[in-house]
Amino acid sequence: VKEAAQKIVEADVLILSIGAGFSKDSGLSVYKEINHEINDKSMSYRELASMNWINDDQELFYGFWGNSYNLYQNTIPHQGYSIIHNWKNSILKNSAQKQWISNYIQSTLDTFIQTENYKMKIKKNDINFSTSNSNSSQSHPGNFFVYTSNVDGQAVKAGFNQNEVYAFHGSTQLWQCQSACTENLWFLPAQFHFKVDPSSLRAQNLNECPKCPLCSKFARPSVQMFDDNTHVVNYNEQILYDKWRDTVRRIVVSDKKGGGGEEEENVDWKVVVLEIGCGRRIPATRMHDESWVRDLNHPRGKQSKKRCSLIRINPEDILCSTTTNVEGHSLYFDESAVIGIKMEGLA
């Protein structure tokens with residue numbers, strides 16, 4: 001734990017990577033704990049979160065997602081979010097070097113969002129953030145980002161800026177047309193509440209469930225469900241995160257600071273991926289986090305050195321694979337860059 005703490009204190013860039021285990025400290029269930037008796041049959045999260053229910057059993061579809069929406073809206077984020085928010089505003093700003101890379105990243109993103117390609121992409125979603133309670137501002141992420149598989153919207157609710165959170169499975173906070181007749185995404189009214197029978201997990205009064213404003217079909221949460229081929233991607237989050245990651249990678253593997261009229265100097269950049277509560281049941285987050293270590297410590301065409309550390313906090317599974325398969329090639333994974341801590345979380 002002391003080694004992990006020291007890594008965080010020294011970090012020039014911090015990626016907070018969180019899964020369902022992190023939300024558990026707020027009282028929310030992890031995937032393996034989600035099941036419900038439906039018609040005398042115990043149904044798992046995998047079965048309940050299927051897109052097929054919107055056609056096969058709309059009461060069950062809106063019962064499950066409506067209950068989830070209500071629960072997430074009423075849940076107060078745990079103290080762990082505040083702890084990391086304080087790190088972002090203190091530890092990541094306590095040196096000239098950290099301030100430099102943060103400003104460099106923000107400046108790069110400020111230029112990027114002025115490009116026509118970016119404007120065309122986010123225009124497809126046409127998200128009106130003024131109708132939400134999110135912390136959306138004009139400032140762009142610097143040396144901190146949240147990457148999460150969670151669809152509960154807790155990171156933004158806890159105070160992180162909408163622009164520095166990438167919920168890659170989507171979010172129950174944003175809604176879309178069930179048939180994707182448009183790529184528009186929207187927030188439900190602030191006081192909206194689904195009527196759900198808790199015993200049967202069925203929605204009561206389907207007529208009050210959200211509709212698409214264009215085609216009048218039922219709306220659905222913009223979440224990547226199982227058996228789902230109509231999920232609309234939140235381009236603003238996806239494109240911004242991809243550009244942020246590319247910017248971090250370019251400056252960190254250069255091992256330099258400066259340029260563009262500023263005198264360059266050699267720097268040993270330090271990046272930390274802090275992974276909390278990400279299991280193997282849906283391993284996409286773990287794979288993403290390990291890829292940071294591989295890309296920064298063993299970049300193609302560049303010197304291999306320890307630029308990135310992965311701190312993996314998990315009560316059960318802290319091990320990594322010694323090889324990572326990328327595009328058919330088996331690449332060595334340096335486990336020495338990983339600190340595994342068996343504990344529940346930060347709260």
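Two strands are said to pair if DSSP finds at least two bridges between them. Helices (H or I, at least four residues) and strands (E, at least two) are themselves DSSP runs, numbered from the N terminus. The structure is a predicted model, in which local features need pLDDT of at least 70, side-chain atom pairs count only at pLDDT 80 or more, and totals for chains, interfaces and linings use all residues. Residues are numbered from 1 along each chain as its sequence is written, and side-chain values use heavy atoms, with hydrogens and water left out.

Six bridges join β1 to strand β13 (residues 271-276), and the two run parallel; here leucine 14 has valine 272 as its bridge partner. Strand β1 also runs parallel to strand β4 (residues 144-148), through five bridges, with isoleucine 15 opposite phenylalanine 145.

Next come the aromatic rings. Rings of Phe, Tyr and Trp (its six-membered ring) pair if their centres lie within 6.5 Å; planes under 30 degrees apart count as stacked, over 60 as edge-to-face and the rest as tilted. By this rule there are 24 aromatic pairs. One of them, tyrosine 62 with phenylalanine 218, is tilted, at 5.3 Å centre to centre and 50° between the planes. This pair links distant parts of the chain, 156 residues apart: tyrosine 62 lies in helix α5 (residues 58-74) and phenylalanine 218 in the loop between β9 (202-203) and β10 (219-223). Tyrosine 62 counts as buried because its relative accessibility is 0%, and phenylalanine 218 is buried at 14%. Tyrosine 69 and tryptophan 175 form an edge-to-face pair, with 6.3 Å between centres and 80° between planes. Tyrosine 69 is in helix α5 and tryptophan 175 in strand β6 (residues 170-177), so this pair ties together parts 106 residues apart in sequence. Tyrosine 69 is buried at 3% relative accessibility, and tryptophan 175 is buried at 0%.

Note on methods
Buried < 20%, exposed > 50% of the residue type's maximum accessible area, 1.4 Å probe, protein only.
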